[in-house]
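Please examine the sequence and the structure shown below. The paragraphs that follow lead through the chain one region at a time.

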Amino acid sequence: MHWADNFAEEVIKRNKEEFIVESGITPSGIVHVGNAREIFTQYFVYESLKKLGKKARFLYIWDDFDRFRKVPKGVDKKFEAYIGMPVSKVPDPWGCHESYADHFKSKLVEELKKLKVDAEFISATELYEKCTFAENIKIALEKNEKIKEILNKFRKEPLEEDWLPIRVYCEKCLKDTTKLKYLGNYELKYTCDCGHENKIDFREKGIVKLKWRVDWPSRWQYYGVDFESSGKDHKSYGGSWDTAVLISKEIFNYEPPIGPMYEHIFLKGQKGKMSSSEGNVATLSDLLEIFELAIVRFLYTQRINKAIFVPFDMDVYNIYNEFDKIEKIYYAMEKGTEEDRRRYELVRMENYKKCPQRISFSELTFLVQFLPKENFSEKISEILEQRDVKMSEKDLELAELRAEKVRNWIEKYAPEDVKIKLSTEKIPLSEAEKEIIKEISSVLKKDLSTEDLQHELFRISKKHGKAIFKISYKILIGKPQGPKLAYLIDAIGRKKVIERFKEF
Ligand SMILES: [Zn+2]
Ligand SMILES: [Zn+2]
């Protein structure tokens, strides 16, 4: 059974009309492929719930009412003036969006739309400004001592005497540099460093925010969250997960959601370690350049307690092959497990009538280097006809899409030895070797199928030794080895190969 279905079944035991799956992040930096693991973990459980016939919602909450903490690398120092404001109130340093938060939000929204991950995006700023959590703010303030007790259990230094579970953004300067006094009921008084002060009713003034460790469980209670996985950063002993569970139960009287931990994501074959502050992170858009939509989704169906290594190196081939395999398993063209079938069902973007005929990523790596981009489908079609393979329009369309990813990969990440082109180099050959080349040329002139051509090449190699392959590769691509020779010859074009051989 796939883990998404396991969790869905666990969630269903909570016995409700409708189940809530939640995810969220502070949009204060690039949302990278590591962050996306949370989104996909939640998303697949949400999909499983629906598959099991349950009503479910997938909420994605933007913590855009969090304070702007520091100016990131590469952004003008003058942005220090905004520190302490909600990230949704800080202008966009790059000038292309309404706010600093929107700059990061919009990119992810776009990416998830492409990937057909249909979350309901909700802005915490909007919620707080509408005083949505006024009741929970009151509960938290009234039970402040109990909250402090819970948090202090895990702290070396206890929280300060006057600690409160909220921050208040000043109405004048928009910053949270405010000193607070809770007056009871829904009232509080604040004095800001800027000199402004006011007495407010937080059912009417949406400037009060619960601090993260209280905000999280408050939200669980408010929406009735049933599932929310999180990463290692929240799951350390006494981390925000541990305290959220206690605060949820003891302060908000709510049974916390099922919340497994997922492992990290690493990039393989990319230079440098992924780090938001360094700016060398991979985004979903980066993945989408070299992976098909379904394959990006596929990466995230791996077991959540294992690290995912997203390959940018030759392992790209393996991911594509694995995907092609589960596709075949799904269509009963190959044997596999129920879990394989389910993985495919979770990641596919389309419901094909029959199993698509795929061209492997590795084969496309040399095809795209020899076939013209303009009439690629047509050329592919011709090549496959020589192999007695007939591809449908749809198959060709899929091959074309995959070829696009392959081109990007070759351009950006492929190791040098993958890059090939028809060689023009002069190579010294012995008389005997020249004879062999002539023999191959004469075979090429017969109108053989690719299979028969490969047989003929083997026949020649039996007569003259395996060196004929090495010589051919050397002449054609200047390397001692390459893809299956008949395939390579057809990718280059038999006429061109004959011409090249004539030079010797
Ligand atoms: Zn922008
Ligand atoms: Zn102020």
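**Surroundings of S240**

Leaving aside neighbours within four places in sequence, S240 is in contact with W212, R213, W216 and H234, where contact means heavy atoms within 4.5 Å. S240 belongs to helix α9 (residues 240–250); helices (H or I, at least four residues) and strands (E, at least two) are DSSP runs, numbered from the N terminus. With a relative accessibility of 6%, S240 counts as buried; buried means under 20% relative accessible area, exposed over 50%, and partly exposed in between (1.4 Å probe, protein chains only). S106 lies 134 residues away from S240 along the chain, and the C-alpha atoms of the two are separated by 27 Å.

The model is a predicted one, in which local features need pLDDT of at least 70 and side-chain atom pairs count only at pLDDT 80 or more, while totals for chains, interfaces and linings use all residues. Residues are numbered from 1 along each chain as its sequence is written, chains are lettered from A and ligands numbered from 1 in the order in which they are written, and side-chain values use heavy atoms, with hydrogens and water left out.

The parallel strands may be taken next. Strand β1 (residues 18–25) and β2 run parallel and are joined by 8 bridges; two strands pair if DSSP finds at least two bridges between them. Within this pairing, F19 has A56 of β2 as its bridge partner. From β1 the chain passes through helix α2 (residues 35–51) to β2, and this β-α-β crossover is right-handed. A crossover is right-handed if, with the strands pointing away from the viewer, the path from the first strand over the helix to the second runs clockwise.

Strand β2 (residues 55–62) is mostly covered, since 6 of its 8 residues are buried. β2 also pairs with strand β3 (residues 120–123), again in the parallel sense, over 4 bridges. In that pairing I61 stands opposite I122 of β3. β2, helix α3 (residues 100–114) and β3 form a right-handed β-α-β unit.

Which residues coordinate the zinc ion (ligand 1)? The donors are D92 (OD), C96 (SG), H97 (ND1) and H103 (ND1), at 1.9 to 2.3 Å; donors are N, O and S atoms within 2.8 Å of the metal (3.2 Å for Na, K and Ca), and water is not among the atoms, so sites may look incomplete. The angles among the 4 donor atoms are 106 to 115°, and the site of the zinc ion (ligand 1) is tetrahedral. Four donors count as tetrahedral if all angles lie between 85 and 135 degrees. Along the chain, the donors of the zinc ion (ligand 1) follow the spacing D-x3-C-H-x5-H. D92 lies in the loop between β2 and α3 and H103 in helix α3, so the pair ties together parts that are 11 residues apart in sequence. D92 is buried at 9% relative accessibility, and H103 is buried with a relative accessible area of 18%.

The zinc ion (ligand 2) is coordinated by C170 (SG), C173 (SG), C192 (SG) and C194 (SG), at 2.2 to 2.3 Å. Angles of 104 to 116° among the 4 donor atoms make the site of the zinc ion (ligand 2) tetrahedral. The spacing of these donor residues in sequence is C-x2-C-x18-C-x1-C. C170 is placed in the loop between β4 (166–168) and β5 (178–184), and C192 in strand β6 (residues 187–192), so this pair ties together parts that are 22 residues apart in sequence. C170 is buried, with a relative accessible area of 1%, and C192 is buried at 5%.

Two residues of this region deserve attention for their backbone angles. Most residues other than glycine have a negative phi. L174, although not a glycine, has a positive phi of about 70°. L174 is placed in the loop between β4 and β5 and is partly exposed, with a relative accessible area of 34%. N185, also not a glycine, has a positive phi of about 55°. N185 lies in the loop between β5 and β6 and is partly exposed at 48% relative accessibility.

Helix α13 (residues 338–347) has as its buried residues D340, R342, R343, Y344, L346 and V347. These buried residues pack against α1 (3–12), α2, α11 (293–299) and α12 (316–330).

Definitions and conventions:
Tetrahedral: all angles 85-135°; square planar, octahedral: opposite > 155°, others 65-115°.
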